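Student: I should like to learn how to read helices, strands and loops in a model. Could we work through some examples together?

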Amino acid sequence: MSQLLTPARTRGFLRATAAAVALSSMVSAAGCGSSDEGGGDAKTTAAVHAGFPVTIDNCGVTTTYDEPPSRVVTIHQHPAELMLALGLRDRMVGTAFPDSAVLPELRKDYETIPELAEKEPSFEKILDAEPDFVYGGYGSAFAENEGRSRKAFADAGIDTYLNREYCGGKQVTMKDTYDEIRTIGKVFGVPDRADQLVEDLEGRVGQAAGTVEDEPEVPVFVYDSGDKSAFTAGGRSLGTELIRLAGGENVFADLDDVFGDVSWEQVVERKPEAIAVYDYAGAGAGSVEEKKEFLLSQPALADVPAVRNKRFVVLPLTATLVGVRSAYAVEDLARGLHPERFR
């Protein structure tokens with residue numbers, strides 16, 4: 001299992017039928033679907049400029065927008081899907097680093113956006129797309145050692161925004177997801193679309209959480225990757241909140257980080273009854289089946305309840321991040337942890 005040796009520390013397919021229906025209605029209401037690379041029709045442009053200038057503080061970087069950005073490059077998949085769910089395809093001139101299958105109702109629009117690179121594109125490649133705004137999903141989007149610092153973009157006259165999950169310093173919750181959507185809606189002059197999307201996601205989370213609220217909490221171990229040690233979701237991760245809302249408890253919620261390494265001895269000691277396997281396309285991460293095979297083949301784990309009972313719940317990594325998929329991850333987890341409540 002050599003492909004499991006190196007955990008993928010830079011950040012696969014959500015059960016998308018329910019998500020597709022919801023996002024389809026959002027996209028339709030928002031007027032998504034244009035493949036034009038301009039800024040939309042005159043009526044839309046006039047409408048979104050009302051309420052500007054807008055000042056946003058993002059991870060310590062304060063930016064004032066006199067008008068909505070019109071040429072956007074997204075780095076990583078979850079910012080791209082959030083933009084598309086808000087009906088902002090006509091502002092997108094490039095994306096990069098897809099790591100799971102795109103939600104079906106967003107796929108057609110996503111495929112019209114030029115893919116600048118399979119991973120993070122170079123600073124020069126991004127400049128070639130002539131963006132006025134770059135939206136990064138992971139901190140690596142703006143890696144200084146690769147020449148993509150936020151200052152470098154600012155010096156080139158390009159505004160930047162980093163997904164708030166990577167601002168650091170606190171537990172990430174679903175409120176961060178809702179705030180992220182509303183902030184991007186504000187930046188692009190579509191606050192009503194953002195409010196509508198948030199309302200739908202809040203409703204879905206509430207319904208799933210309410211279905212399992214009286215059930216005993218299931219101890220859950222998140223397995224991202226690793227074989228010598230386990231790379232898992234810590235207490236600051238959104239995954240911990242998703243597990244809680246779904247009627248579970250992250251057995252490593254006391255790990256004071258978003259992600260971190262723990263020993264297999266610790267996993268055995270904490271006796272998880274279910275394992276959430278994170279699925280994504282990353283170098284060295286391994287497929288879901290490879291991860292399951294690895295866990296099931298380890299004699300030291302044989303008496304762990306989750307392994308003994310082969311109780312796995314698979315989640316695309318993108319569904320555990322601050323973005324439009326996290327609300328659906330709550331339902332997927334709840335179904336996996338408390339299947340009897342969904343029969």
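The dialogue below considers a helix, a hairpin and a loop residue in this predicted model.

Student: What span should the 22 residues of helix H8 have, and how far apart are its end C-alpha atoms?

Tutor: At 1.5 Å a residue, H8 (residues 191-212) should span 32 Å, and its end C-alpha atoms are 32 Å apart, which agrees.

Student: Which residues of H8 are buried?

Tutor: An α-helix has 3.6 residues a turn, so residues three or four places apart point the same way. In H8 the buried residues are Arg 193, Ala 194, Leu 197, Val 198, Leu 201, Val 205, Ala 208, Ala 209 and Val 212. Seen down the axis of H8, these buried residues fall within an arc of 125°, so they line one face of the helix. Asp 192, Glu 199 and Gln 207, on the other side of H8, are exposed.

Student: Which residues of strand E1 are on the covered face, and which on the uncovered one?

Tutor: In E1 (residues 54-58), Val 54, Ile 56 and Asn 58 make up the covered face, while Thr 55 and Asp 57 make up the uncovered one. E1 pairs with strand E2 (residues 61-65) in the antiparallel sense over five bridges, and Asn 58 stands opposite Val 61 in E2. The two strands form a hairpin with two residues between them; in the turn, Cys 59 has a positive phi of about 55°.

Student: Is Val 172 buried or exposed?

Tutor: Val 172 lies in the loop between strand E7 and helix H7. Its relative accessibility is 4%, so Val 172 counts as buried. Leaving aside neighbours within four places in sequence, Val 172 has contacts including Arg 236, Leu 238 and Val 322.

Technical notes: Residues are numbered from 1 along each chain as its sequence is written. This is a predicted model: local features need pLDDT of at least 70, side-chain atom pairs count only at pLDDT 80 or more; totals for chains, interfaces and linings use all residues. Side-chain values use heavy atoms; hydrogens and water are left out. Helices (H or I, at least four residues) and strands (E, at least two) are DSSP runs, numbered from the N terminus. The expected span of a helix is 1.5 Å times one less than its number of residues. Buried means under 20% relative accessible area, exposed over 50%, partly exposed in between (1.4 Å probe, protein chains only). The arc is that of the directions from the helix axis to the C-beta atoms. Two strands pair if DSSP finds at least two bridges between them. Contact means heavy atoms within 4.5 Å.
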